[in-house]
Structure formats: C-alpha cells, structure tokens
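Please open the model in your viewer and keep the selection panel at hand. The stops below say what to select and what to look for at each one.

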Amino acid sequence: MSSLKALSIFSFLFAALHFPSVHAATFDITNKCPYTVWAAAVPGGGRQLNNGETWTISAAPGTTQARIWARTNCQFDGAGRGSCQTGDCNGLLACQGYGSPPNTLAEYAIGQFANQDFIDISNIDGFNVPMEFSSASAGCTRVIKCTADIVGQCPNELKVPGGCNGPCPVFKTDEYCCNSGTCGPTPFSMYFKERCPDAYSYPKDDPTSLFTCPTGTNYKVIFCP
C-alpha cells in the first residue's frame, strides 16, 4: 500500500471517529389551508402548494437565520416571475431572499451550541397564514402553533390586504424594531402575544418564544393546521 493511500485511509478514519456525521434536517411543508399558498423558504426557494400538498426541503447543520413562510394570492409567469399579495420575495417563485411583511414565519438554526437546533414562530413581521412548526422525530416533542384569527381582529393601524402587519414594518421606530437592542412589549406586540403566546411578538421576546430540539431532529411546517 502506498504511503499516500495509507495516509488517506488514516485521515478518513480519524475524521469519522472525531467528527461523526450529522445528517441534514428535513422539513415537510404541508398546506392544509382551503386555498392555494406559495410556500417559500430561505434556504430552499419556493413552490406552489395546493390544498393537501407537501414540499420537502433540507438544511445542513450550521444553517442559521433560516425561514419558511407562506405567500398568498400570487401570480407567476412561466419563468417564475410575478407577485404575491403577502410574503412576496422580490417577485420570484423560487425565493432568494426574505419575504415582504406581513408573513407568519417559521425560523430555525440547525446544529448550534451543545448540538441543539433553535426553532420558533415569529409574528414580528406580522401574520398572514396560521401555522404549526413542530418536530417530526421521536427525540423531540416540541409543537409550536399560531392559529388565532389575527387577521380578522387586526388593529386598524396594522391592517393590510390579506394580512396583519407587525408594528415594526409599519412604524419603523426603535420602540417597535429594537434597533438599539433595548425594547419591551408594546400594546401592539401584546395583541399578537395574547393570541399566539408561543410566537415571537417583538425582537426581545426570546424567553417565551425560542425553543430547542436535539440536532438530528426532522421537522414539519403546516399552514392552516
């Protein structure tokens, strides 16, 4: 056996022993709404989902600042260009960047500190479609839901066609956006929190809104659970 081949085998065995492989997390995204949505994911892209359809994406360990959301009332041409009433991502069917508010968000980071995944639902950018974000693996039982009639009861100041905006996108002030790093709940954020207590309602809402599962967990996101 050549020394180069022996070195290659040794390197492979060393890596296998000291850096055990961690599979990418899968996300089954299902539309249970009685209407069509255009699912979006960064990373991942986008896809039309009729009622009952599922789209599966994956994310590698180390993925951070990732989002999944639904877009509504979209029209796209054969080249995948068009627009959506809510959640639009620069007019593209296959999103390359975040969507426009209002959009209910499933957010995650995979393979973080102490081999944990961080997951949440956020209404900071507002709400457009009811959502569940939950574990699909036996090793974690976490289920996060936001299914209240937020659009129907939306304060007049936050109402937009098809959704209920968050106060930060509307007013763009430090009080609501927390650009300085210090902010607290407001009457507008409490509107969301009272209806979806497990979801982020303002940027510093971590203690009641950020959850963990062991890295290696697979997930499901359901629109209109």
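The tour goes through salt bridges and then aromatic rings.

This is a predicted model, in which local features need pLDDT of at least 70 and side-chain atom pairs count only at pLDDT 80 or more, while totals for chains, interfaces and linings use all residues. Residues are numbered from 1 along each chain as its sequence is written, and side-chain values use heavy atoms, with hydrogens and water left out.

**Stop 1: arginine 67 and glutamate 107**

Select arginine 67 and glutamate 107, whose side chains meet in a salt bridge at 3.6 Å, N to O (a side-chain nitrogen of Lys or Arg within 4 Å of a carboxyl oxygen of Asp or Glu). Arginine 67 lies in strand 5 (residues 66-76) and glutamate 107 in strand 7, so the pair ties together parts that are 40 residues apart in sequence; helices (H or I, at least four residues) and strands (E, at least two) are DSSP runs, numbered from the N terminus. Both arginine 67 and glutamate 107 are buried, where buried means under 20% relative accessible area, exposed over 50%, and partly exposed in between, with a 1.4 Å probe and protein chains only.

Now select tyrosine 98: the charged end of arginine 67 sits over its ring, 3.9 Å from the centre (NZ of Lys or CZ of Arg within 6 Å of the ring centre and within 35 degrees of the ring normal).

**Stop 2**

Next, select aspartate 205 and lysine 193, whose side chains form a salt bridge at 3.0 Å, N to O. Aspartate 205 lies in the loop between helix 4 and strand 13 (211-214) and lysine 193 in helix 4, so this pair ties together parts that are 12 residues apart in sequence. Aspartate 205 and lysine 193 are both buried. A search of the whole structure finds 5 salt bridges.

**Stop 3: aromatic pairs**

Rings of Phe, Tyr and Trp (its six-membered ring) pair if their centres lie within 6.5 Å, and planes under 30 degrees apart count as stacked, over 60 as edge-to-face and the rest as tilted. The count by this rule is 8 aromatic pairs. Select phenylalanine 171 and phenylalanine 188, whose ring centres are 5.6 Å apart with planes at 20°, so the pair is stacked. Finally, select Phe27, Tyr108, Phe133 and Tyr219, which ring pairs link into a cluster.
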